[in-house]
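Reader: I would like to go through the labels used for this model. Please set each value against its cut-off.

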Amino acid sequence: MERVYWERYLPVLNKGLVLAGRKFDFLAFSSSSLRENSVIFFAGARVRKDGELQTIDANHIRAWMGDFSHIRCAARYAARMGQAFTSTTATVEIAPEELEMHVPDIERNGFCFSDGIGTISLELAESMWVQYQGRRRRNPVYDDDGEDQAMFASMPHAFQIRFGGAKGMISVDPRLKGRKLRIRSSMIKFESNSMNLEIAADSRVAREAYLNRQIITILEDLGVPPRIFLELQSEHLKKIQSAQTDSKTLLELLPGGRFSSFVREAVKWIDFSKLTKSNAFLAACEEHILLYLLKEIKFRARLKVPGGWTLLGVLDETGTLNEGEVYVNVELPFDPIRAAEGGSDEECRTKELSGRVLVFRSPCLHPGDVQLATAVRVPALAHLKNCVVFSNKGARDLPSQLAGGDLDGDLFSVVTTTDYFPRERHEPARYAKQRPVELDRDVTVADITRFVVDFFINNKVGIIATRHLSLADSSVGGSKHPDCLTLAEMHSTAVDFPKTGIVVNMSNAPKVQSRPDFKKKDLIYQELSQERQPPQDGRPKRFYRSKRVMGTMFRDPTLNAMIKQEARRVFFGNQDLEIGLSKLTLTPRGGGGGDAIWDFLRRMVTGWTDHVQVARELHWRFDADLRSILLMTEPRLSEVDLWTEFIVTRDAGRLAACSRFDRERHAKNQFDGLVRKLADAVREHAADVARGNDETDGSPVAGVRRDEDAAFVRRRAAVAAATATAMFYVSNVEVRRTMPTGAGATGVASGVGQSRVFGFVMLPFVFRHCARTLGAPPRQPSR
């Protein structure tokens, strides 16, 4: 196999390739694309500059990125170029007098306490946030991710940024006056002329913390009783059962996204049980999600931790926190009980932690990667919400003790529930710093392409993690066994391979003779359909019955019964399944009455019949584009997969297939673009109609700006709502096909105009439009 990489892949990387008559040359790669074994090629372009046509090629772009000449390690050279491909939003230009570069880091005993973090003044942060809001402002007729507008408007005080050749975190320091940006030396990776401050992430939201197999294994090794995890799994299974009839529980299980946004808005107007009983597409989506959540528990042990949050890490710039202390202040949904007890608005929306907390970072393989800290209340740090503030004091910084973390954008999980606290402490790992493989000359493009092929062959992160989990289950002492500690160190080296170029020598890795039963592949579809189980990796594997908590959780009779029940609904809802886009019967699942959504739309939205023809045309185009997206996936996905953002397929080898190029994520990104394209088309149509004529200059945005007034905005919103209603009509009412009730339609159908999701993607806007025009919904989210 290595010969194929060197003899087939390397020449393409070095010489480029020709597609449709155009020559594409290797340009670079991002950190995420490299993990998918993919790189970026560029075909060159002719641009006009200073009145003359100039050719821009891959070399021009690499030179524009910055000065990398001081870097002699090919892996690190390429990684620094990859910074330019991070998804960011440009904000403000920083003037020279506002900038302080090369601020000294806080270092002690060979550890950098401020690794990857700088500071920004409040005034400059507010200016940056205004620009960020303007550039990220959504299409006014479609809210793509359902974020609360007030939350979007409130400014966070910690940001992950890119600034020229610097990257990392910056936090607001109220002591800085005027417009100031301070970039520490550890943040600067190369020199660049760019002075624009770009935001990659921020601390607006406190994410929930989840356990997984690695963390559960380590916590069990450190004395946490197995019953704690079994009880947590049991609680999750009860919630999943309850979610079938309780919208509040379902929303608790869902992350933010399109489907979550739809349910959140819909249940304010329509009883949740009526939604799924009267519309089979929604019923299939619900069944699809529940099966996904159950399989996540069985095959990944992904369990939400009560009293746990995952937060960006920042530094205590005031020096108030002592060694082993952290500050955490998380924003929560409004608490009416605390308000009734006389709590202030701030107290009812935030939770300032105090006392002992568990802190960890994923992935973690070493038993010292989970540590206890003390959360304290510090008024001077109260502005730093939804992040974990670490001390700059002590012999060693806490982030580096947590699986080698730092403060350049790493996420840390904080848990307050004492049930999950280790009963014993293990010293954190302290690995020798790896010296990058350096050349005695400047790095060339040929050096980078050779590294790319070397990485494709020698990336062993997944193999090491899998072997570690098996050995931890079978060895005395679990993750504390010497073989597991060896694998943890090898894993650390493998994770740094893209930056150091150091290859892990797998010949020194401890071997696995057999695997625990919880490492078996997902063969649920094959078992239910009584198909012959395919060979696993081409040869039989020996499995043993795990005696540890992971094995007990995997074999849980209740869990397995629920998975089989949901799988039968999803995969075998109709034996006459036609391979195609999801084709779901419009017959009410629960009996009685018509489609609750359509009943609501007919009552609340007027004038929709005037836009039916436009909706039909949009439907045909949407279907054609959706079909192209689904054709890229193998195993074939469905529109239910893409809209719910939960991938459920029948193929047991899906995870292995996706370890190379992540077609699923690519399909999700393409679907995001398709939905935005549809929203833009609706907005353009609504703006044209709201202007009172059918004429357009081909630039709807320009037209909107010309007539942007309150009356126009109201007219445009009304037309958009009517168009969205017509979209639901043509895709869910007018088309009277008989379709199965399962969500297993995973291929591509002949013909067009068949997708159901077309009618749903704009409905969150319709619900919000009704709330704006008619007042508060007549009901709150209900059971």
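Reader: What makes Glu-734 count as partly exposed?

Author: This is a predicted model, so the values are computed from it. Glu-734 has 30% relative accessibility. Buried means under 20% and exposed means over 50%. Glu-734 therefore counts as partly exposed.

Reader: How do you know that Glu-734 and Arg-616 meet in a salt bridge?

Author: Their side chains come to 2.4 Å, N to O. The cut-off is within 4 Å, so the pair qualifies. Arg-616, at 32% relative accessibility, also counts as partly exposed. The pair links distant parts of the chain, 118 residues apart. Glu-734 lies in the loop between α29 (710-732) and α30 (763-774), and Arg-616 is in helix α24 (residues 612-631).

Reader: What makes Lys-167 and Asp-408 a salt bridge?

Author: Their closest N and O atoms are 3.1 Å apart. The rule asks for a distance within 4 Å, so the label holds. Lys-167 sits in strand β12 (residues 166-172). Asp-408 sits in the loop between α15 (398-401) and β22 (411-415). The two are 241 residues apart.

Reader: Are Lys-167 and Asp-408 buried or exposed?

Author: Both are buried.

Reader: How are Arg-3 and Glu-7 placed in helix α1?

Author: They are 4 residues apart, and so separated by about one helical turn. Their side chains meet in a salt bridge at 3.0 Å, N to O. Arg-3 has a relative accessible area of 61%, so with a cut-off of over 50% it is exposed. Glu-7, with 49%, is partly exposed.

Reader: How many salt bridges does the rule give?

Author: The count comes to 32. One network of salt bridges links Glu-220, Asp-221 and Arg-548.

Reader: Why are β2 and β3 said to pair?

Author: 3 bridges join β2 (residues 22-28) to β3. Pairing needs at least two bridges, so this is a pair. Asp-25 stands opposite Phe-42 in β3.

Reader: Why is Met-1 called exposed?

Author: Met-1 has a relative accessible area of 66%. The cut-off is over 50%, so Met-1 is exposed. Met-1 is found in the segment before α1. Together with Val-4 and Tyr-9, Met-1 makes a nonpolar surface patch of about 310 Å².

Reader: Why is Asn-37 called buried?

Author: Asn-37 has 18% relative accessibility. That value is under 20%, so Asn-37 counts as buried. Asn-37 lies in the loop between α2 (31-35) and β3.

Reader: What is the phi of Asn-37, and what is that of Ala-301?

Author: Phi is near 60° for Asn-37 and near 55° for Ala-301. Each is a positive value in a residue other than glycine. Most residues other than glycine have a negative phi. Ala-301 lies in the loop between α12 (280-300) and β16 (303-315). With a relative accessible area of 0%, Ala-301 is buried.

Reader: Which peptide bond is cis, with omega near -5°?

Author: The bond from Ser-362 to Pro-363. Pro-363 lies in the loop between β19 (355-360) and β20 (370-375). Most peptide bonds are trans.

Key. Residues numbered from 1 in each chain as written. Predicted model: local features only at pLDDT ≥ 70, side-chain atom pairs only at ≥ 80, totals over all residues. Heavy atoms only, no water. Buried < 20%, exposed > 50% of the residue type's maximum accessible area, 1.4 Å probe, protein only. Patch = residues over 30% accessible without salt bridge, like charges linked within 9 Å, V, L, I, M, F, W, Y side chains within 5 Å. Areas by Shrake-Rupley, 256 points an atom, 1.4 Å probe, with all protein chains shown as cover.
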